[in-house]
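Work through the following exercises with the coordinates open, and try each task before reading its solution.

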Amino acid sequence: MADYSKEELWELYEQLPEDLKKATFSEEVGQAIQNICGKNSIADDDLIFNITKNVGYVFLGLLSPDEFSSVLEKELKIEKNKAEEIHSQITMSIFIPLKNSLEKLYGIKIEIKETTPTEKSSLKPENKDGYRELIE
């Protein structure tokens, strides 16, 4: 992805809806990215910075949320499965709350991907105790 001058970025920023402006400099968004990177064993500060920068590019209209996973994999050289997982987590925690504005900005529909059957089954608590007492 090309680098942009500060002037170009500010010009784009000024045209954004308020929720995207707020998210661009949000401490909560930054913390969410840090947490997601930590969960996915990414500790390299330069890599975290580049992930954050690309989330910002999504907010500014420069990188479609649909293309975000591809950028993680191809440009930032993150393994495909890890890139998809990071994309999924960022979509759920950052992009979905801004869904309406991002859909208008890109003219796309942001959808939540269904979890795989193994993920669904792991969310159910295991009930190892089969004993049930009769209530009278």
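**Exercise 1.** Determine whether K21 is buried or exposed, and trace what its side chain reaches.

*Solution.* Begin with accessibility: K21 counts as buried because its relative accessibility is 15%, where buried means under 20% relative accessible area, exposed over 50%, and partly exposed in between (1.4 Å probe, protein chains only). The model is a predicted one, in which local features need pLDDT of at least 70 and side-chain atom pairs count only at pLDDT 80 or more, whereas totals for chains, interfaces and linings use all residues. Residues are numbered from 1 along each chain as its sequence is written, and side-chain values use heavy atoms, with hydrogens and water left out. Finally, follow the side chain of K21, which reaches the backbone oxygen of E14 at 3.5 Å.

**Exercise 2.** Find the residue that forms a salt bridge with K21, and describe the pair.

*Solution.* A salt bridge requires a side-chain nitrogen of Lys or Arg within 4 Å of a carboxyl oxygen of Asp or Glu. E18 meets this condition with K21, the closest N and O atoms being 3.7 Å apart. Both residues, E18 and K21, lie in helix α2, three residues apart, about one turn of the helix. E18 counts as exposed, because its relative accessibility is 59%.

**Exercise 3.** How many salt bridges does a search of the whole structure find?

*Solution.* The search finds three. Among them, E84 and K80 meet at 3.2 Å, N to O, and E103 pairs with K99 at 3.9 Å.

Technical notes
Polar contact = N/O pair within 3.5 Å; in protein donor to acceptor, adjacent residues only side chain to side chain. Helix = DSSP H or I, 4+ residues; strand = E, 2+ residues; numbered from the N terminus.
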